[in-house]
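Okay, thanks for letting me jump in.

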Amino acid sequence: MTEVLERLGYQVDFPAAQTCCGQPAFNSGYTGDARRVARHFLDVFNTADYVVVPSGSCTSMITHHYEDIFQGDAKMLESAHRMAPRVWEFSRFLLEVAKAEDVGARFDGIVTYHDSCHALRELRIKQGPRRLLAKVQGLTLNEMEAAEECCGFGGTFSIKFPEVSGGMARTKIDSIVKTKAGTVVSIDSSCLMQLQGVIDRSGLPIRTMHLAEILASK
Amino acid sequence: MATIKETVADPRLQLAIYSATQRLIDHRAGAVGFKVFPEYQDLRTLAHDIKKHTIEHLDYYLEQLEANVVAHGGQVIFCEDAEQVTDFVLNLAKQRNARLIVKSKSMTTEEIHFNERLEHHQLEAVETDLGEYILQLAHQRPYHIVAPALHLTRYDVADIFTKSLGVKKEVVIEEQTKIARSVLRDKFLQADIGVTGANFLVADSGAVVVVENEGNARLSSSAPKIHIAVAGIEKLIPRAQDLAVFLNLLGRSATGQPLTVYTSFLSGPRREGEVDGPDEFYLILLDNGRTKLLADPDKRQSLYCIRCGACLNHCPVYRKIGGHNYPWVYSGPIGAIITPQFHGVSKDPWLPFASSLCGACAEVCPVKIEIPKLLLKLRAEVVEAKQREGAGGLERLAFRMFSWMMTHPRVYLMLACIGSALAPITPKIGPLRKWTSQRSLPPLASTSFHKWWAERSSK
């Protein structure tokens, strides 16, 4: 992501004090713990012009759910509201802020794109990553039938209900295999970790890659 | 009954669930697309707003409904729970010397175990919806809100018919339907009472609206001398004209039909000069915990549900675990949000967590219930309840450590270093074992991003 952004002329900073957006705690019902982590996030990124996030899920947590967790806390709500418009999911930043569709990448092979749930349904990101992929030289995008179906990760869901989560991934992977793609691309690493884990367990010759990795390829 | 693990691992059952739900998904998609139905999204918003308004003025519309039903010669009975419903029906049956009840499909009566309760009093209640009839013979509860026998193949049905009715094995669906029909026709003619549910209760006209595809609800409500409709109080809509919104959404969302085959508008007993209809009409309005849901201004939207089943069909978790693994008759995402509210969050604390929060449910909900948001709220309530009960200490500690670590970056970095060093020799226990039961662990990067960044910046 850094390479792509720098290629486009942006100065990238990586605040070393950054940790997590707090979503794992929020999604597990621990709102108080999520609030503590969220406050830390807001502190760390306080001065940035743009916060570019390589994850639809984390982006949505910050832009959509900080609102929920700081309900009743006017000061923090204001701080969350000030942050939200500066937080950008990576692909959306490229297209809407940097106005770059072709970032000069080259990747030889057939890929298929996995719509991660929070990017798709909370951030309404659907065509953007595909437009970026379409400009990558040497790349063929084969759509899978179940592109919009959940990979089954779901944070702690994946360890609370391993069989269901694993089954969901296998259903998704069946759909991936049909595309003959050697690479599955997404904008959320957690989905990719889930899918790669099940792919490896099944011994399939498929690799998962974040969109940023594809766009950084030369 | 197959457990979650068994259901996921049973290829036959998985195929039955997947093919049936996929059919419903495809049919719906064909009926709500912008080209065929451009007003769909606007109607969803409108439906949400109408339901919101109705639920917030429930007392007003209930009174209006009652007055109009009575004006048509019917009676309205408010029941707090299952017992009051049974008492009313048993009393009436005794007074009228009734023995046989025919029923059309009704989730509300499933909710209160209507049939079993009457059985104890030698009152026979026969389900007349084909799917429900099959399930009654098999002693199973509905697998799905709209397609109750969705999990059964025609071969399963053949076995059930042979076992319960003594007929020879018949695997052709049309022939199976004939078998059921020959039994049920007699029941319709003999029945003393017909019981139906209701899809909508129209306050301004006092009408009970029932949608169906088989015609059995129309028969149940008109053939016997007495018709009893059982409905939850949330089925109200203010005006007959609102049906234009809801009927358009219900059929399309449920089965992809612009309108179901039968839509019955039932208002009171047969009047003079009318050919059809019962002599007596009763509308049982059931609370059974619904008023509890009114208390929370956010969660009360759960009562907007029109029971179309679209959230079940589109839920990847429902499609894996099936309907019977949900603790109550309402399964899928809607079941996961209403069950804890009806029964208390402590009864099945796992339920709100049985979701990847993918949001497919909310996207297809015709009345725009924010299901993932409510699941999150319920999760927080489960955690609070556990804390009150002194349970779940280990998980609470884990998240406390998580938030402490994530607000102390130095500790976080140090622990991350230690963690990656120890990872290869860490025994696979706890959450790690759960993870590796299904998947491999990701290989660790040779260097952390923090380190890479620091080295890069110092150059």
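Let me start with a question: is Lys180(A) buried or exposed? Lys180(A) is exposed, with 10 other C-beta atoms within 10 Å. By the cut-offs here, buried is 20 or more other C-beta atoms within 10 Å of a residue's own, exposed is 12 or fewer, and partly exposed is in between, with C-beta atoms placed from the backbone.

Quick housekeeping: this is a predicted model, where local features need pLDDT of at least 70, side-chain atom pairs count only at pLDDT 80 or more, and totals for chains, interfaces and linings use all residues. Residues are numbered from 1 along each chain as its sequence is written, while chains are lettered from A and ligands numbered from 1 in the order in which they are written.

Back to Lys180(A). Its phi is near 65°, a positive value in a residue other than glycine, and you'll find Lys180(A) in the loop between helix H10 (162-177) and strand E5 (183-186) of chain A. Helices (H or I, at least four residues) and strands (E, at least two) are DSSP runs, numbered from the N terminus.

Lys99(A) also has a positive phi, about 50°, and is not a glycine. Lys99(A) sits in the loop between helix H6 (90-97) and strand E3 (106-113) of chain A. Lys99(A) is exposed, with 8 other C-beta atoms within 10 Å.

Now the domains. Chain A is assigned domain 1 (2-94) and domain 2 (101-216), with bounds from an automatic or database domain assignment. Their C-alpha centres lie 23 Å apart. The contact takes 19 residues from domain 1 of chain A and 22 from domain 2 of chain A; contact means C-beta atoms, placed from the backbone, within 7 Å. On the domain 1 side, H4(A) gives the largest share, five residues. By class, that side has six nonpolar, nine polar and four charged residues. For the classes, Ala, Val, Leu, Ile, Met, Phe, Trp, Tyr, Cys and Pro count as nonpolar, Asp, Glu, Lys and Arg as charged, and the others, Gly among them, as polar.

Last stop, the partner chain. Here 39 residues of chain B are in contact with 43 residues of chain A. The chain B side divides into 23 nonpolar, nine polar and seven charged residues.

And which chain has 12 helices and six strands? That's chain A, and 50% of its 218 residues count as buried.

Methods: Contact = placed C-beta atoms within 7 Å.
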